[in-house]
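Colleague: Could you take me through how the chains of this model meet, and how the helices pack?

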Protein chains: 2
Amino acid sequence: MPPLPPKSQHTFEMIDGVMHVYHPNAQGEVELAHKPPGTATDFFYDLHALLKVQSYGPSKTFCHKRLLLTEQKFNLHVMLNADREFLEQKKAPHRDFYNVRKVDTHVHHSACMNQKHLLRFIKSKLKREPHELVVYRDGKFLNLREVFESIGMTAYELNVDTLDMHADKNTFHRFDRFNLKYNPMGQSRLREIFIKQDNLIRGRFLAELTKQVCSDLEANKYTMAEYRISIYGRKPGEWDNLAAWVLNNNVFSENIVWMIQIPRLYNIYHSNGTMKNFQQMLDNIFKPLFEVTVDPSSHPKLHTFLQMVIGVDMVDDESKPERRPSKHMRVPVDWDVSHNPAYAYYAYYVYANLYTLNALRVSKGLNTIAFRPHAGEAGDIDHLCTTFMLAKNIAHGLNLRKSPCLQYLYYLTQIPLDMSPLSNNSLFIDYHKNPFPVFFARGLRVSLSTDDPLMIHMTKEPLVEEYSVAAQVWKLSAADLCEIAKTSVLNSGFPRASKKHWVSDQYWLNGTRGNDIQKTNVPDLRAHFREDVLECEKELVRRGVVQARQKGRELKIRG
Amino acid sequence: MPPLPPKSQHTFEMIDGVMHVYHPNAQGEVELAHKPPGTATDFFYDLHALLKVQSYGPSKTFCHKRLLLTEQKFNLHVMLNADREFLEQKKAPHRDFYNVRKVDTHVHHSACMNQKHLLRFIKSKLKREPHELVVYRDGKFLNLREVFESIGMTAYELNVDTLDMHADKNTFHRFDRFNLKYNPMGQSRLREIFIKQDNLIRGRFLAELTKQVCSDLEANKYTMAEYRISIYGRKPGEWDNLAAWVLNNNVFSENIVWMIQIPRLYNIYHSNGTMKNFQQMLDNIFKPLFEVTVDPSSHPKLHTFLQMVIGVDMVDDESKPERRPSKHMRVPVDWDVSHNPAYAYYAYYVYANLYTLNALRVSKGLNTIAFRPHAGEAGDIDHLCTTFMLAKNIAHGLNLRKSPCLQYLYYLTQIPLDMSPLSNNSLFIDYHKNPFPVFFARGLRVSLSTDDPLMIHMTKEPLVEEYSVAAQVWKLSAADLCEIAKTSVLNSGFPRASKKHWVSDQYWLNGTRGNDIQKTNVPDLRAHFREDVLECEKELVRRGVVQARQKGRELKIRG
């Protein structure tokens, strides 16, 4: 392991829910080092303004028509150029859809294996390690055999049906039931034993499973994944536990990076007495991160682990009703009420703290951690307004179909959408009504991801299965599929060097300059077309802004 | 190899397109042994009658309503009993969807591998056997390297796109283009080299490929396939060539059985001078079969091969316009015109000859060969009327959605439909409009099959992929999937002993008596429900027939 970086002179303090970082200046005085661009109140003001704009009739008409136009342009492009695109692809030696890199941009780690895999794993453990003490219940330690005896089940009897983790008709519009599917055989103790990393066996089983999944990915070579793993914010030690699990078990792979998912469950912790106010949750989540960034030796394992963490996700059932935040919200230390803060409230505080943290990490030459929450899978349009302002990237974005203005803004700014239509099909919207193909045609930056292979997919190649269903149902061409795969790499948090190797030496540029067909198998014609349309829309908006300003001046002069 | 059965005393002779078989009786006189139940004229008469009945208004209303009712019953059954069904499945020890037997009931052998597999195979051959002489063109023999030089392509440059065998938007409603996809890189010489068994290398490459696919099936253990391989009827030696290919290359597997597909291409052979009349085609196809059945030593390899052949399929683009047969058609020897006989004409002669052949084979204790043509993928309703009268089983049956009477008849008689919705999606009907889920709910005997993995599927498990898409898009439950898998075994031509092992000791019985949940994972509740509904419909029809007869008598008496 390389030596730890030295402790820096920064100090920090949480004020009104946002970490303030200070450093001594040349005069020996302490001054504020980093600050997010706006306060919570600024943010809620802007949120309300954006909510107004996106529901303003004329802007809706404008955005809707522009989006229709980009869609028509795409259809026309395909009609005229599909053959030429395919010719380009044929000429790219060696490369085809199967050997371009695809990143599964949205997978929950504890559902990353398929159900057959998990079943086989459980059976083999029950056979080979029946005497392993795995859980503490009602005052005594139980070994694996005893646990299964208590459920009344033998290894032979076990099957995928008893496991009962697959999404079915009963999960549609029932996020709560979908969540219960994480319990093998409906038994939370089995979830604890097999798919938790913080348990009596210190997550050894989950680590072994993960390594098996990783070696499958490595064998496949062209498929990568960004696994979400939870930090709840219930206690300060969670980060250290998690880092120790990864490092002690050597859960490393070139094919994966980690994301942290924060479940929005303050109300649960409050109601069961775990915490008094929202501030405690923020402390538990963010203090260790600042500590380790200022002084890596304070949490050496976390220091190493954080370098593999590329983003923070925020998860929960978005369809739960919530109170729209007002412009002046109470600060987290005063949030001692029993109901859960709104999505936007959570998002602001995670964003603001990550902003300061990243500024600090950049100043120390460390990697940064992007804010990439779930948004717009269901629920109010507030969520998508919030993430438009705060997020680098979102998971889902389904509800953009309900707001042409936001959809157009996401298009213009090319905020990535990591979509999972098969997951949506189990939960929120039938497959053939999914807006993915429309978003794709319009040029939104969409990728395909699996979300929960354990509950959803049936083959041993869940990501290819996800692409396959999309290709079949929506009749996507080889150029379409390769474009989506390329987008998945760009949307991902894989390192710069990997993206250069997988996409192009100048992958961050738009159009043909950022596309190397020998690596992506995406026709230059396609890349050029996308840039062209986007530039046209941007130019239109720019001109509109100039005209509006002039008009404003004229009005002022006349007035 | 077991000793060949002795030559029998039968003689045979083709009369008016149908083989007549004779045997000496006790008195030493020669008499007719086997005869199909009706002549060609009988058949065409009945075909016209059936066409009339199925377009008769009142019968359409009746059948439509009965079908709607069975559908409603199914929906009600699922609403009330889904949980109980799932409970039954959970209790079946060890068994789940992944380890119940599924038969891919409709696959064309030369498209049975996926495109990535074929690509890898071609690349490895080009690397390891570049000097193998593989084809004879323009007066000289070419080796593999020379062939690829003539195309201007190296092993490195090859990719799935250059292979260009995947169905795409351009194949929709273009069966002709779909057929051209069988040519790797659009080159018929590559098709000849890699996916034909009758070529310069005597089909060695195709045999090696087939064995690889078979060993994948064997490793998977629970997936079986019925591969279609062509007999064209252009020359009498085709059967011997095919049998020699199978036997010399040891293309055997417990997981596959063979079907023969006859392309309906008389008009092509006639126009290029290969044959003068339709009788020649019948001779080429059927004479060898009767010869080998009467005297196995006449074609010893064919004798062995035929024991692995379980059916005859009849293939071609059904959407081609054709002339409806009149009641009196000219006999095959007089069919010397340039246009192709209609589907029904082909079907009758294949059926009638198979009928006689099977009777002969039964008398000798040999296996029989079922008539299982493609029907109703497109084209006139005649095709489905024809197969209702003649076929054991059909591939597709899509057009039953256009004829409620035929649909009801297929339901009552439980004629198996081996459907391939992903293939249909590439050719004839969008996935979410496919009638499969409606047919399934109504209780038609439907199975899922892949048709052409090479052109259609993307994962390494094409049949599971086919089930997966269906499960996702149509929200099929575990009970539904296992029922479809069980039906696929019953629809298949696998031996009696296998069906006993895979389905039930009394698999031929309806309802719970024919269902062993420990083998099929199909809930008895489901099996019972299906039997119940079917019996109810049959009883209704029986009563209707009795009433109609009585009414007929009364009318007569009164009259």
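This is a predicted model: local features need pLDDT of at least 70, side-chain atom pairs count only at pLDDT 80 or more; totals for chains, interfaces and linings use all residues.

Modeller: Residues are numbered from 1 along each chain as written, chains are lettered from A in the order written, and side-chain values use heavy atoms without hydrogens or water.

Colleague: How much area is buried between chain B and chain A?

Modeller: The contact, meaning heavy atoms within 4.5 Å, draws 50 residues from chain B and 50 residues from chain A. Buried area is the accessible area (1.4 Å probe) that two parts lose on being put together, summed over both. Carbon and sulfur atoms give 53% of it, and the total is about 4300 Å².

Colleague: How many salt bridges are there between chain B and chain A?

Modeller: A salt bridge requires a side-chain nitrogen of Lys or Arg within 4 Å of a carboxyl oxygen of Asp or Glu. One such pair joins the side chains of A:Asp164 and B:Lys90 at 3.1 Å, N to O. Between chain B and chain A the count is eight.

Colleague: Are α2(A) and α20(A) roughly parallel or roughly perpendicular to each other?

Modeller: Helices are DSSP runs (H or I, at least four residues), numbered from the N terminus, and axes are lines fitted to C-alpha atoms over the stretch in contact, with angles from 0 to 180 degrees between N-to-C directions. The axes of α2 (residues 57-91) and α20 (residues 478-491) of chain A come within 9 Å and cross at roughly 90°. Since 65 to 115 degrees is the range for this class, α2(A) and α20(A) are therefore roughly perpendicular.

Technical notes. Helices (H or I, at least four residues) and strands (E, at least two) are DSSP runs, numbered from the N terminus. Angles under 35 degrees count as roughly parallel, over 145 as roughly antiparallel, 65 to 115 as roughly perpendicular and the rest as oblique.
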